[in-house]
Amino acid sequence: MEEKQIRFLRFFLAVIFIAYIILLLYLTMCKNVVLVKFREREVSLIPFRATVGVIRYMAPLRIIENIGGNILLFVPFGFIPPIISRLKKRIILYGAIFSIAIETAQFIFALGLTDIDDVIYNTLGTAIGFLAAHLLKLKIGRELSVLKTAAAAVLICGAAGISAMAYEGLF
């Protein structure tokens, strides 16, 4: 019985991860297509240059939204795969590569500022997610309990995130 629960929870979290990737791509590639239809391409390759501009010229809430949002957006990328698979060693690298791919696509399709800061913050978010998964496994130990706790955490955080995005009018 326990093995069936483990398989179900792994499958459930895998489906949630796929839905998360789709939502992540929507938020980074599709949400502003109409607004930036003929926008010029912009690239910021100097680390923290755009962040300094945001801090200098934006309201505090916008700073938190920009930096915190980029970090939080990638926490599931580092959290879910190590919980449901043996994938551990390279997940932070994969998060960085996925973030670079998104930034590159944004440049190619002129969908906003292509910014090295986003890659840094997204990679930090992946690392935080990975650390949370690692600590969860260390603290709880039993695989079924880890999966149950992770599923509950993903559902609660996902519901909060979706509610916040709906409130902001992101979909």
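Colleague: Helices here are DSSP runs of H or I with at least four residues, strands are E runs of at least two, and both are numbered from the N terminus. With that in hand, where does Ala 110 lie?

Modeller: Ala 110 sits in the loop between α4 and β2, and β2 covers 113–115. Bear in mind that this is a predicted model.

Colleague: Noted. Is Ala 110 buried or exposed?

Modeller: Buried, because its relative accessibility is 8% and the cut-off for buried is under 20%. The backbone stands out too: Ala 110 has a positive phi of about 50°, although it is not a glycine.

Colleague: What about Phe 48, and what is its phi?

Modeller: Phe 48 has a positive phi of about 70°, and it is not a glycine either. Look for Phe 48 in the loop between β1 (42–44) and α2 (49–57).

Colleague: How accessible is Phe 48?

Modeller: It has 37% relative accessibility, so Phe 48 counts as partly exposed.

Colleague: You mentioned β1. Which residues does Ser 44 contact, sequence neighbours aside?

Modeller: Ser 44 belongs to strand β1. Beyond four places in sequence, its contacts are Arg 49, Ala 50, Leu 113, Thr 114, Asp 115 and Ile 116.

Colleague: How far apart are Ser 44 and Asp 115?

Modeller: In sequence, 71 residues; in space, 4.7 Å from C-alpha to C-alpha. Ser 44 is buried, at 10% relative accessibility.

Colleague: New topic: helix packing. What describes a packed pair?

Modeller: Two packed helices are described by the angle between their axes and the distance between those axes.

Colleague: What are those values for α3 and α5?

Modeller: Helix α3 spans residues 60–84 and helix α5 spans residues 116–140. Their packing angle is about 40°, and the axes are 6 Å apart. The two helices are therefore oblique to each other. The crossing of α3 past α5 is right-handed.

Colleague: What classes of residue make up that contact?

Modeller: There are 15 nonpolar, 6 polar and 2 charged residues where α3 meets α5.

Colleague: And what angle do α5 and α6 make?

Modeller: They pack at about 135°, with axes 9 Å apart. That makes α5 oblique to α6. Here too the crossing is right-handed, with α5 passing α6.

Colleague: Which residues meet there?

Modeller: From α5, Leu 136, Lys 137 and Ile 140. From α6, Ser 145, Val 146, Thr 149 and Ala 150. By class, the contact of α5 with α6 holds 4 nonpolar, 2 polar and 1 charged.

Colleague: On to the inside. How many residues are in the largest nonpolar core?

Modeller: The largest nonpolar core has 27 residues. Those with the most contacts inside it are Leu 13, Phe 77, Phe 79 and Ile 83.

Colleague: Which helices supply at least two residues of this core?

Modeller: α1 (2–30), α3, α4 (91–108), α5 and α6 (143–167) each do. α1 gives the most to this core, with 8 residues.

Colleague: What does Leu 13 touch?

Modeller: Setting aside neighbours within four places in sequence, Leu 13 is in contact with Ile 80, Ile 83, Ile 84, Leu 147, Ala 150, Ala 151 and Val 154. There is also a second, separate core of 5 residues, which includes Val 54, Ile 63, Ile 71 and Tyr 121.

Colleague: Why might nonpolar side chains gather like that?

Modeller: In soluble globular proteins, nonpolar side chains tend to be buried together.

Colleague: Then take Leu 72. Buried or exposed?

Modeller: Exposed, because its relative accessible area is 62% and the exposed class is over 50%. Leu 72 is found in helix α3.

Colleague: Last one. Where is Ala 105?

Modeller: Ala 105 is in helix α4. It is buried, with a relative accessible area of 17%. Ala 105 and Thr 28 are 77 residues apart in sequence and 9.5 Å apart in space, C-alpha to C-alpha.

Terms used. Residues numbered from 1 in each chain as written. Predicted model: local features only at pLDDT ≥ 70, side-chain atom pairs only at ≥ 80, totals over all residues. Heavy atoms only, no water. Axes fitted to C-alpha atoms, helices over the stretch in contact; angles between N-to-C directions. Parallel < 35°, antiparallel > 145°, perpendicular 65-115°, else oblique. Left-handed = near helix turned anticlockwise from the far one by under 90°. Nonpolar A, V, L, I, M, F, W, Y, C, P; charged D, E, K, R; others polar. Core = buried A, V, L, I, M, F, W, Y, C linked by side-chain atoms within 4.5 Å. Buried < 20%, exposed > 50% of the residue type's maximum accessible area, 1.4 Å probe, protein only. Contact = heavy atoms within 4.5 Å.
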